[in-house]
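Please consult the sequence and the structure as shown here.

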Amino acid sequence: MLMSRSPKEKLETEEKATTEDQRELYLRDGRKVVVDETGAEQLVEIRSESGMLELRIKLTAEGPVLQMETVRMQLKASESVEIESKRVAIKAEDVTVKAEETLQLDSDKDVRVRSGIDEDAEPGTHGNIYLN
């Protein structure tokens, strides 16, 4: 009969297999935290019990890079959420923006709304825009 090992036993076994530049710590729910300093970049990762990456913080010369792979992500703030960047891209099958009060779009240049698949089509020939 096989008996499951305790997280402490798993950690001790894993430590023997890792290098000096990589450390692993097992959490109670089966996840593990991996700290890796083998390359030019330093990594801190959280992996699921199956080994799938859930969260990675890559410490680079340009600054930290955050990467998450998850089923759902939720941000809540009592006051505000602000994003400041040269470029923000959102790619999804559906996007909904809902404001319970005012929705404001400001641009120092053009505001473009495109609907349809053919990027070379004449403006206004594909898709519809509905204003209520």
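**Pockets and paired strands**

Q: What is the volume of the second largest pocket in this predicted model?
A: The model is predicted. Among the residues that line the second largest pocket are Leu66, Met73, Val81 and Ile90. The space in this second largest pocket amounts to about 490 Å³.

Q: Which class of residue is represented by one member in the lining of the second largest pocket?
A: Nine residues of this lining are nonpolar and two are polar. Glu82 is one of the lining residues, and Glu counts as charged. The class with one member is therefore charged.

Q: How many charged residues are in the lining of the largest pocket?
A: The largest pocket has a volume of about 1,300 Å³. Of the 20 residues that line it, Ile90, Val97, Leu103, Gln104 and Leu105 are the closest to its centre. By class, the lining has ten nonpolar and four polar residues, and the charged residues number six.

Q: Which residue in the hairpin of E3 and E4 takes a positive phi?
A: Strand E3 (residues 42-47) pairs with strand E4 (residues 53-60) in the antiparallel sense over six bridges. Five residues lie between the strands of this hairpin. A positive phi near 100° is taken there by Gly51.

Q: Which residue in E5 stands opposite Lys58?
A: E4 and strand E5 (residues 63-68) run antiparallel and are joined by six bridges, with a hairpin of two residues connecting E4 to E5. Lys58 in E4 stands opposite Leu43. In E5, the residue opposite Lys58 is Val65.

Conventions. Residues numbered from 1 in each chain as written. Predicted model: local features only at pLDDT ≥ 70, side-chain atom pairs only at ≥ 80, totals over all residues. Heavy atoms only, no water. 1 Å grid on protein atoms, 1.4 Å probe; cavity = no way out; pocket = protein on both sides within 12 Å on 5 of 7 lines; lining within 4 Å. Points joined across faces, edges and corners; volume = space filled by probe spheres on them. Pairing = 2+ DSSP bridges. Helix = DSSP H or I, 4+ residues; strand = E, 2+ residues; numbered from the N terminus.
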